[in-house]
Amino acid sequence: MNIEQLYTGCLAQGAYYIESEGEVAIIDPLRETQQYINKAKAENSKIKYVFETHFHADFVSGHIDLAKKTGATIVFGPNAKTDYDIHEAKDNEIFKLGKITIKVLHTPGHTLESATYLLIDENGKDHAIFSGDTLFLGDVGRPDLAIKSDLTKEDLAGMLFDSLRNKIMTLADDVIVYPAHGAGSACGKNLSKETVGILGDQKRTNYALRADMTRGEFIKEVLDGIAPPPQYFAKNAMMNKSGYSTFESVLEKGNVPLSPEEFEALANHDSALVLDVRHQDDFVKAHIPNAIFIGLDGQFAPWVGALITDIKQPVLLVVPEGRSQEAVTRLSRVGYDNTLGYLHGGIEAWQKSGRDTETLQSIPAKILESKIDDEGTNILDVRKDGEFISSHIENAQHLSLDFINENMNEIDKNKTYHIHCAGGYRSVIAASILKARGFRNLVNVEGGFAAIKETNIPLTDYVCPSTL
């Protein structure tokens with residue numbers, strides 16, 4: 001028996017490769033599926049099943065493409081209705097894979113069709129659970145993402161309470177927990193940085209598995225502090241339910257080099273969004289007017305999903321050399337399949353063609369320190385709510401990047417804003433969006449709050465996040 005976790009940091013997502021006696025099951029695969037096929041081929045094995053723990057909201061799964069390419073059966077839990085062929089499993093249904101067994105545990109709550117897959121080894125011992133978004137390390141799945149459901153989030157939270165108590169917590173303490181996500185995912189509140197754990201540890205340390213917790217207490221605590229889901233979640237879930245274009249066709253369409261002339265023509269005639277995915281320092285120095293920055297070297301795909309509201313938006317890319325395929329791939333993982341190409345030769349080719357570029361004023365935190373007492377120095381903090389509450393510059397205005405599109409009317413185009421985040425990535429994203437909407441008086445603070453803390457700029461007293 002071989003179990004491998006294939007973890008994708010940008011999405012904080014774990015897919016799983018399970019093999020026994022030449023038969024393979026893939027759990028929650030990524031959009032690009034060739035990696036699983038190549039791995040099975042190298043081991044002279046055959047992919048027999050593709051198990052889906054639920055209709056994922058935070059990424060587009062590769063289950064449909066993988067099944068078409070390999071002949072594998074797609075398995076969902078009870079209540080999963082799709083527009084393509086699947087095996088809708090029954091609760092406690094058994095699937096044989098070589099010498100091992102995979103048992104379906106229906107665990108509704110995160111979504112109605114959520115399933116946990118229990119792996120039973122060749123000796124008949126419960127070995128591991130693949131818990132999807134039902135149980136994370138340190139948390140449980142948010143119960144507010146079920147698509148087209150008449151149930152309230154309180155109803156779903158109650159279902160999740162029952163699922164955890166009746167299906168998960170009854171298992172032995174030494175059962176291994178393989179969740180679908182780790183820290184950084186918006187599918188839970190306080191996910192651990194660890195990506196594999198032991199069930200007994202979760203019973204002792206996970207707030208949602210307290211043995212003396214009442215149903216009412218569980219519902220209250222699970223729902224407390226849940227931020228609204230990113231706008232792309234429902235769209236990705238629907239793609240996973242209804243189907244999508246093949247990954248290869250998306251890549252073929254999007255990974256196309258374009259001259260500056262072709263690039264500009266498409267931007268003008270197709271109303272395409274120019275998405276600059278280089279490092280933030282490069283964007284600051286020179287970028288195409290009205291381009292939006294979301295760098296590949298950060299939480300790229302989740303920020304694209306949170307901030308580009310039209311999932312079918314035509315996109316033109318400005319990429320670091322040699323990374324165009326990576327950019328198109330990572331966009332497709334969250335359902336942005338309408339990339340039209342990338343600027344061949346990058347920003348240098350654009351400049352050599354005589355076309356205009358713009359810069360973003362950017363200053364070190366030490367320079368901000370010298371300005372902070374000046375009347376009219378406006379600070380715009382674009383970190384998340386919890387970060388801001390923990391500590392911030394005195395009198396700073398807060399506008400979380402997550403919801404900048406909805407709350408832009410809270411700032412004044414006639415004022416100059418010094419924008420910062422935690423480290424300098426999100427502040428450039430925010431500035432690029434504001435610039436594209438006509439805000440011209442913007443100054444990025446290099447190094448963000450980490451650099452600001454090294455100065456004498458007055459800050460509010462620190463509040464530990466665990467007490468918020």
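The questions below concern the pockets, the cavity and a sheet of this predicted model.

Reader: Which helix gives the most to the lining of the largest pocket?

Author: The largest pocket holds about 1800 Å³ of space. Among the 43 residues that line this pocket, the closest to its centre are Gly-188, Lys-189, Gly-225, Ala-227 and Lys-384. Helices α5 (215-223), α10 (300-307) and α14 (385-390) each supply at least two lining residues. With five residues, the element that gives the most is α14.

Reader: How many charged residues does the lining of the largest pocket have?

Author: Divided by class, this lining has 20 nonpolar and 11 polar residues. The charged residues number 12.

Reader: Which element provides the largest share of the lining of the second largest pocket?

Author: About 450 Å³ of space lies in the second largest pocket. Its lining comprises 22 residues, and those closest to the centre are Leu-273, Val-274, Asn-290, Ile-292 and Ala-436. At least two lining residues come from each of α8 (260-269), β14 (273-276) and α16 (426-436). The largest share, four residues, is that of α8.

Reader: How many residues of the lining of the second largest pocket are nonpolar?

Author: In this lining, five residues are polar and three are charged. The nonpolar residues number 14.

Reader: What is the volume of the largest cavity?

Author: With a threshold of 30 Å³ or more, the count comes to one cavity. Its lining includes Asp-139, Arg-142, Cys-187, Lys-189 and Tyr-207, and divides into five nonpolar, two polar and three charged residues. The volume of the largest cavity is about 40 Å³.

Reader: Why is one side of β1 and of β6 left without a neighbour in the sheet?

Author: Six strands form an open sheet of mixed pairing, in the order β1-β2-β3-β4-β5-β6. Because β1 (2-8) and β6 (87-88) stand at the edges, one side of each is left without a neighbour, and each has a single partner strand.

Reader: Which residue in β4 is the bridge partner of Glu-23?

Author: Strands β3 (residues 23-27) and β4 (residues 46-51) pair over five bridges in the parallel sense. The partner of Glu-23 in β4 is Lys-46.

Reader: What angle does the direction of helix α2 make with that of β4?

Author: Helix α1 (residues 34-42) lies across β1, β2 (13-20), β3 and β4, and runs at about 25 degrees to β2. Helix α2 (residues 63-70) also packs on the sheet, where it touches β3, β4 and β5 (73-76). The angle between the directions of α2 and β4 is about 155 degrees.

Methods: Residues are numbered from 1 along each chain as its sequence is written. This is a predicted model: local features need pLDDT of at least 70, side-chain atom pairs count only at pLDDT 80 or more; totals for chains, interfaces and linings use all residues. Side-chain values use heavy atoms; hydrogens and water are left out. On a 1 Å grid over the protein atoms alone, a cavity is a set of points where a 1.4 Å probe fits but cannot get out, and a pocket is an open set with protein on both sides within 12 Å along at least five of seven lines; lining residues have an atom within 4 Å of a point. Grid points are joined across faces, edges and corners, and a volume is the space filled by probe spheres set on the points. Ala, Val, Leu, Ile, Met, Phe, Trp, Tyr, Cys and Pro count as nonpolar, Asp, Glu, Lys and Arg as charged, and the others, Gly among them, as polar. Two strands pair if DSSP finds at least two bridges between them. Contact means heavy atoms within 4.5 Å. Axes are lines fitted to C-alpha atoms, for helices over the stretch in contact, and angles run from 0 to 180 degrees between N-to-C directions.
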